[in-house]
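Student: I have a structure to go through. Can we take the labels one by one and test each against its definition?

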Amino acid sequence: LLASSYAGNKEGTTVLSELARELAEQNEKVILIGTGAGQHEGAPGFVLSDDMKEYALKDVLQQKCTVKEAMSYSEELKVHCIQFSPESTDADFSYSVDDVRRVLSDCLGYGDIVLVDGTVLIQSHYAQIWHEAVDASIALCRQDDADFFKVDKMLNDLQKSDTYFAGCILFGF
């Protein structure tokens, strides 16, 4: 499930973290991609132990490590996380929809549900690649960012694609 927003914001990360926590409480094995410790103040995260090497999503996409090596367990959320490295940008490397599908497929070997935080992860032309690779998407709309025309365009784009559009989460209204 890819969470999209035309305006990346920390509240989107918090919404997805809480969704992951709730699913974990329902005995689902959840992998949360694109969020991690220290990314957004106030967003739940995880702490790496001293003996763990820190890998990010970029490393998995480039096959420098496996999904298992990149996963870290969040005691707080009770889910596994693959963090997005904020210092890496899409310009640093390129990847295809097949690369993303490979990563998502590998994730399903370790979890029942994969949540992708597109609000912090995808700020470029790679958004379409992620959208094509996932099974479903949701839109996150916050009142402060509610530019009617931008939200309408985002929702129309999501509904027109072949990916199942599960709906919109409104918050702050």
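Tutor: Start with the second largest pocket: α1 (10–25), α4 and β5 (113–117) each supply at least two residues of its lining. Helices (H or I, at least four residues) and strands (E, at least two) are DSSP runs, numbered from the N terminus. The model is predicted: local features need pLDDT of at least 70, side-chain atom pairs count only at pLDDT 80 or more, and totals for chains, interfaces and linings use all residues. Residues are numbered from 1 along each chain as its sequence is written, and side-chain values use heavy atoms, without hydrogens and water.

Student: Which element gives the most to the lining of the second largest pocket?

Tutor: β5, with 4 residues.

Student: What makes the lining of the second largest pocket nonpolar, polar or charged by class?

Tutor: It has 11 nonpolar, 1 polar and 3 charged residues. Ala, Val, Leu, Ile, Met, Phe, Trp, Tyr, Cys and Pro count as nonpolar, Asp, Glu, Lys and Arg as charged, and the others, Gly among them, as polar.

Student: Why is the pair of tyrosine 95 and tryptophan 130 called edge-to-face?

Tutor: Rings of Phe, Tyr and Trp (its six-membered ring) pair if their centres lie within 6.5 Å; planes under 30 degrees apart count as stacked, over 60 as edge-to-face and the rest as tilted. Here the centres are 6.4 Å apart and the planes stand at 75°, so the pair is edge-to-face.

Student: Why is cysteine 107 called buried?

Tutor: Buried means under 20% relative accessible area, exposed over 50%, partly exposed in between (1.4 Å probe, protein chains only). Cysteine 107 has 0%, so it is buried.

Student: And what is cysteine 168 at 34%?

Tutor: Cysteine 168 counts as partly exposed.
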